[in-house]
Amino acid sequence: MSRERMEEGQLSCSLIVKEKPQDGVGGCSGEEQGGIGTTSSATTTVVLSTFVAVCGSYVFGTAVGYSSPAQTGIIDDLGLSVAEYSLFGSILSIGAMIGAAMSGRIVDYIGRKRTMGFSEIFCIVGWLAILFSKAAWWLDLGRLLVGYGMGLLSYVIPVYIAEVTPKNIRGGFTSVHQLMICCGVSITYLIGAFATWRTLALIGTIPCLMQLLGLFFIPESPRWLAKTNKWKECEASLQRLRGDNADISDEASEIRDYTEQLQQLSEASIFYLFQRKYAWSLIVGVGLMVLQQFGGVNGIAFYASAIFISAGFSGSAGMIAMVVVQVPMTALGVLLMDKSGRRPLLLKSADSYRCLQLEHVWVACSSVCHFSCRTFNNGRKSLLFYHLLVYW
């Protein structure tokens with residue numbers, strides 16, 4: 001069977017979950033493609049597996065949110081310059097890039113569960129290095145290690161959740177990953193308003209240990225087990241996820257068929273993506289990720305406290321306000337994911353972002369004009385505060 005035949009969708013019916021035709025109508029829909037699971041409710045094992053996985057998402061959030069509340073304490077205690085602390089904040093992204101670049105190979109080689117455990121070891125060592133640091137290079141090393149583990153987690157967690165959940169609830173469960181990142185950032189902001197930076201680093205190890213312990217109580221991904229030809233373990237894992245009384249024969253058969261047909265294909269080079277027929281999808285998909293990062297969200301997250309202080313607000317009050325906005329809106333996205341669909345949510349958020357950018361231009365232009373009117377300046381100050389919250 002040729003690669004082109006697969007790409008044109010000729011084996012769509014053999015790669016998806018089979019459902020009994022209704023009213024004599026057969027066929028396959030795009031909604032049914034690409035994953036394990038028939039239409040069913042979440043079992044206790046699925047919920048537990050998702051919870052353990054998103055503990056890693058919380059670790060991700062604590063790492064992102066740490067540098068903002070810890071900035072003043074670290075600079076005062078260790079005598080760091082602004083440039084040295086900027087390196088400490090940004091080196092997390094460097095570690096995350098390295099981890100993300102290696103994540104695909106590691107996940108396929110040692111499995112989803114082991115990759116999560118492997119990542120948490122780096123995170124724990126990194127947090128401990130920050131906790132006991134006496135010099136800037138210890139801080140940077142710890143932050144780099146946490147970033148590396150974060151990069152691995154950012155890939156493996158959504159993959160694992162998508163592979164263990166039934167397709168009808170997969171969108172909502174997968175989006176819990178983003179919700180827990182937001183919760184990690186937000187709770188770190190709140191705790192950091194009252195705790196020292198060393199205490200905050202120690203607290204950062206708690207979700208790491210929770211996930212490490214939880215991994216002993218959840219099954220491995222059935223898809224990865226099938227990919228490594230561990231068919232008995234695959235069926236046992238699937239049965240555990242779907243419930244002892246569930247009929248998994250059709251789903252197990254579909255996983256087997258899909259895996260066997262994938263193994264018939266030679267591994268493609270990354271340059272295979274750069275073809276005319278993939279151009280639009282590649283531009284849209286990669287463009288969304290690139291533009292999101294270039295929007296500056298990480299810069300705001302890393303230095304939110306300093307930004308609010310420089311704008312004339314209390315750093316603690318500003319971060320608490322961000323928490324009040326961020327968590328409810330992310331939770332709303334989780335609830336709407338499977339009801340409204342991915343594309344409508346994306347379009348709505350893009351429209352809001354576009355309008356906000358136009359307002360940003362107006363605020364920036366007004367700042368350049370240097371109006372001396374106190375009323376205008378106070379209004380501009382409030383408007384900047386509002387824009388930062390809405391953007392976040």
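Visitor: Is Ser81 buried, partly exposed or exposed?
Guide: This is a predicted model, and Ser81 sits in the loop between H3 and helix H4 (82–110). Its relative accessible area is 34%. Buried means under 20% and exposed means over 50%, so with 34% Ser81 counts as partly exposed.

Visitor: How far apart are the C-alpha atoms of Ser81 and Ala136?
Guide: Along the chain, these two residues are 55 positions apart.

Visitor: What about Glu163, buried or exposed?
Guide: Glu163 belongs to helix H6 (residues 136–164). Its relative accessible area is 11%. The cut-off for buried is under 20%, so Glu163 is buried.

Visitor: Which side chain makes a polar contact of 2.8 Å with that of Glu163?
Guide: Glu163 lies in helix H6, and its side chain has a polar partner at 2.8 Å. That partner is the side chain of Arg112.

Visitor: Where is Asn229, and what is its phi?
Guide: Look in the loop between helix H9 (222–227) and helix H10 (231–242). Asn229 is partly exposed there, with a relative accessible area of 48%. Although Asn229 is not a glycine, its phi is positive, at about 65°.

Visitor: How many cavities of 30 Å³ or more are there, and what is the volume of the largest?
Guide: The count comes to 2 cavities of 30 Å³ or more. For the largest cavity, the volume is about 50 Å³.

Visitor: Which elements give two or more residues to the lining of the largest cavity?
Guide: The lining includes Tyr58, Thr62 and Tyr66, along with Thr188, Ile191, Leu200, Ile203 and Gly204. Trp127 is also one of the lining residues. The elements that give two or more are helix H3 (44–78), helix H7 (170–192) and helix H8 (197–214).

Visitor: How many charged residues does that lining have?
Guide: Sorted by class, the lining of the largest cavity has 6 nonpolar and 3 polar residues. The tally for charged residues is none.

Visitor: Stepping back, how many helices and strands does the chain have?
Guide: The chain holds 392 residues, and 41% of them are buried. Its secondary structure comes to 17 helices and 0 strands.

How values were computed
Residues are numbered from 1 along each chain as its sequence is written. This is a predicted model: local features need pLDDT of at least 70, side-chain atom pairs count only at pLDDT 80 or more; totals for chains, interfaces and linings use all residues. Side-chain values use heavy atoms; hydrogens and water are left out. On a 1 Å grid over the protein atoms alone, a cavity is a set of points where a 1.4 Å probe fits but cannot get out, and a pocket is an open set with protein on both sides within 12 Å along at least five of seven lines; lining residues have an atom within 4 Å of a point. Grid points are joined across faces, edges and corners, and a volume is the space filled by probe spheres set on the points. Helices (H or I, at least four residues) and strands (E, at least two) are DSSP runs, numbered from the N terminus. Ala, Val, Leu, Ile, Met, Phe, Trp, Tyr, Cys and Pro count as nonpolar, Asp, Glu, Lys and Arg as charged, and the others, Gly among them, as polar. Buried means under 20% relative accessible area, exposed over 50%, partly exposed in between (1.4 Å probe, protein chains only). A polar contact is a pair of N or O atoms within 3.5 Å; within protein, one must be able to donate a hydrogen and the other to accept it, and residues adjacent in sequence count only if both atoms are side-chain atoms.
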